[in-house]
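Here are a few notes to read alongside the model. Take them in order, with the structure open beside you.

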Amino acid sequence: MKIYKAKDYNDMSRKAANIISAQVILKPDSVLGLATGSTPLGLYRQLAEWYEKGDLDFSQVTTVNLDEYKGLTKENPQSYYYFMHENLFKKVNIDAGRTFLPDGTEADSSKACEDYNQILHSVGRVDIQLLGLGHNGHIGFNEPGSVFEKETHCVRLADQTIKANRRFFATEEEVPREAYTMGIKTIMSARRILIVVSGADKADIVKKAFFGPITPQVPASILQLHPDVTLVADEAALA
Ligand code: GLP
């Protein structure tokens, strides 16, 4: 695993954006695995800025996102579709027809997951998968106890995740209890993994995930077995 220590959040965002942008420059038709959450926001802002300057071209890129809340429509500002559209897709020249997320409005969980698996198989291997890290070690929405060999599946969110994501919703009751997430098997099949982490509140879980035993209780710990992982974290998270 390569570890890049960033001074602070902005430095982390720039370093990680450099890695994604190198990927797109070297392979313009890359398949990018993308993530939501507050951690990648600065990275997306940086990519959009470089696109504006004419340094990046997303016209041949395909994207597949990690996860989506079950029950939220694309128009719902809390949906991950909306997040991706607002923070990246509408700001760069990406072909909307080549941006994929699980369909949160599909009420039939097995159909939603099967459909997304089919999309993932059809776009081919992800060139670089971006990940954030949940406070309980989750990646995507693969919560502690997740089986390592799953593809897309429907999960019940852990209480800690509902509480952590509560800040984006008006009330805790509004936070969806279920989500569709790419499984760890799919995440692990990406050619490269880029994980971004920021803040002192993540220092404990960074230590457990990357320097502790590999266990389903800390889903991100499985990344220790991936041959090409880059962790970009700020000093506070690496403390
Ligand atoms: C969310 C997402 C994850 C994300 C994580 C951390 O619940 N499903 O993909 O990486 O939690 O979020 P944040 O970056 O806001 O701490």
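1. A word on terms before we start: a residue is called buried when its relative accessible area is under 20%, exposed when that is over 50%, and partly exposed in between. Ile193 comes out at 1% relative accessibility, so it counts as buried. Keep in mind throughout that this is a predicted model.

2. Let's stay with Ile193, which you'll find in strand β9. Setting aside neighbours within four places in sequence, its contacts are Gln129, Leu131, Ile187, Leu223, His226, Asp228, Val229 and Thr230. Ser146 is another matter to look up: 47 residues separate Ile193 and Ser146 in sequence, and their C-alpha atoms are 19 Å apart in space.

3. Now step back to the whole chain. How many helices and strands are there in the protein chain? There are seven helices and ten strands. The C-alpha trace spans about 40 × 40 × 35 Å along its principal axes. For 239 residues, a compact globule would have a radius of gyration near 18 Å, and the protein chain has 16 Å, so the two agree.

4. On burial and surface: buried residues account for 52% of the 239 in the protein chain. The accessible surface comes to about 10700 Å², and carbon and sulfur atoms contribute 49% of that. As for charge, I'd note 27 positive and 31 negative side chains, with the centres of the two sets 5 Å apart.

5. Which sequence separations show up in the contacts? Look at contacts between residues at least 6 apart in sequence: 80% of them join residues at least 24 apart.

6. Next, have a look at helix α1, residues 9-26. Its 18 residues, at 1.5 Å each, should span 26 Å; the end C-alpha atoms are 26 Å apart, so expectation and model agree. The buried residues of α1 are Asp11, Met12, Ser13, Ala16, Ala17, Ile19, Ile20, Ser21, Gln23 and Val24. Their cover includes the strands β1 (2-6), β2 (31-34), β6 (128-131), β9 (192-197) and β10 (229-234), along with helix α2 (41-52).

7. Not counting residues up to four places away in sequence, Gln23 touches Ser30, Leu32, Asp127, Ile128 and Arg192.

8. Compare that with Lys27, which sits in the loop between α1 and β2. Lys27 has 31% relative accessibility, so it counts as partly exposed. Beyond residues up to four places away in sequence, Lys27 touches Asp127 and Arg191; Asp127 is also among the residues that Gln23 touches. Lys27 and Val61 are 34 residues apart in sequence, and C-alpha to C-alpha they are 8.8 Å apart in space.

9. Last stop: Val206, in helix α7 (residues 203-211). With 2% relative accessibility, Val206 counts as buried. What does Val206 touch, not counting residues up to four places away in sequence? The list is Leu133, Val197, Phe211, Ala237 and Leu238.

Conventions
Residues numbered from 1 in each chain as written. Predicted model: local features only at pLDDT ≥ 70, side-chain atom pairs only at ≥ 80, totals over all residues. Heavy atoms only, no water. Helix = DSSP H or I, 4+ residues; strand = E, 2+ residues; numbered from the N terminus. Rg over C-alpha atoms; globule rule 2.2 N^0.38 Å. Buried < 20%, exposed > 50% of the residue type's maximum accessible area, 1.4 Å probe, protein only. Contact = heavy atoms within 4.5 Å. Areas by Shrake-Rupley, 256 points an atom, 1.4 Å probe, with all protein chains shown as cover. Lys, Arg positive; Asp, Glu negative; His and termini not counted. Charge placed at Lys NZ, Arg CZ, Asp CG, Glu CD. Expected span 1.5 Å × (residues − 1).
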